[in-house]
Amino acid sequence: MADEFILDTDDLERRMDGAIANLRTELASLRTGRASGSMLEPVMVDAYGSMTPINQVGTVNVPEPRMVTINVWDKGLVGKVEKAIRESGLGINPQLNGTIIMLPIPELNEERRRELTKVAGNYAEGARVAIRNLRRDGMDQIKKAKADGMSEDDQKFWEGAVQELTDTFIKTVDETLETKQSEIMQV
């Protein structure tokens, strides 16, 4: 009988943590006007017949606050790495110097800063939707257990636990977004 129903809140929490981690990865790829090696993480290079992360074809360094360099290990991949950066939508114009690709990070103008805050907001909304979907999964499990004979008190307890978990993670998304947006708007 359902007297033994225990919702796996650890699993829900782990999956919600995944949504937050994904959000942080997406936000790290947004330029803030300062050089960061993490802004190249989403860039994939067509190397050796498969799509490869840029940090697996060269060494990414940040020698100056407004410069990122990539020391490409295989001379034959320099052109492909340059092409991948140009097509990535980062708005950076790579400059070649042998096997080293230099990426000067230009100042962001006010309009571009506003666009980036909107993109960050879209990323955050995607994370909120993922968390709400996980909440719905938890609530569906509770409804199923209720149909199998769970008491109403247990149902209220588990629904409260799932909602509390959801609220905590939504708050984390909002705080992460607020931090990133203030970082983007900082001149």
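**Group meeting: cores, a ring pair and a pocket**

Let me start with F157. At 53% relative accessibility, F157 counts as exposed, because exposed means over 50%, buried under 20% and partly exposed in between, with a 1.4 Å probe and protein chains only. W158 counts as buried, at 13%.

A word on the source. This is a predicted model, where local features need pLDDT of at least 70, side-chain atom pairs count only at pLDDT 80 or more, and totals for chains, interfaces and linings use all residues. Residues are numbered from 1 along each chain as its sequence is written, and side-chain values use heavy atoms, with hydrogens and water left out.

Back to the rings. F157 and W158 form an aromatic pair. The structure holds 1 such pair. Pairing needs ring centres within 6.5 Å, using the six-membered ring of Trp; planes under 30 degrees apart are stacked, over 60 edge-to-face, the rest tilted. F157 and W158 are edge-to-face, at 5.0 Å centre to centre and 75° between the planes.

Now the cores. A nonpolar core is a set of buried Ala, Val, Leu, Ile, Met, Phe, Trp, Tyr and Cys residues joined through side-chain atoms within 4.5 Å. Which members of the largest core touch the most others? They are I131, I142 and V173, out of 27 residues. Helix 1 (9–28), helix 3 (110–147) and helix 4 (152–185) each give two or more residues to this core. Helices here are DSSP runs (H or I, at least four residues), numbered from the N terminus. Helix 3 gives the largest share, 9 residues. Apart from this core lies another, of 21 residues, including A35, V81, L103 and I105.

Take I142. Contact means heavy atoms within 4.5 Å. Leaving aside neighbours within four places in sequence, I142 is in contact with F5, L7, M150, Q155, W158, E159 and V162.

Next, E82. Helix 2 (residues 78–86) holds E82. Is E82 buried or exposed? Buried, at 15% relative accessibility. Beyond four places in sequence, E82 is in contact with P94, L96 and I101.

Last, the largest pocket. A pocket is an open set of points on a 1 Å grid over the protein atoms alone, with protein on both sides within 12 Å along at least five of seven lines; lining residues have an atom within 4 Å of a point. About 210 Å³ of space lies in the largest pocket. Its lining has 14 residues, with S29, P42, S88, G89 and L90 nearest the centre. Helix 3 gives the most to that lining, 4 residues.

Note on methods:
1 Å grid on protein atoms, 1.4 Å probe; cavity = no way out; pocket = protein on both sides within 12 Å on 5 of 7 lines; lining within 4 Å. Points joined across faces, edges and corners; volume = space filled by probe spheres on them.
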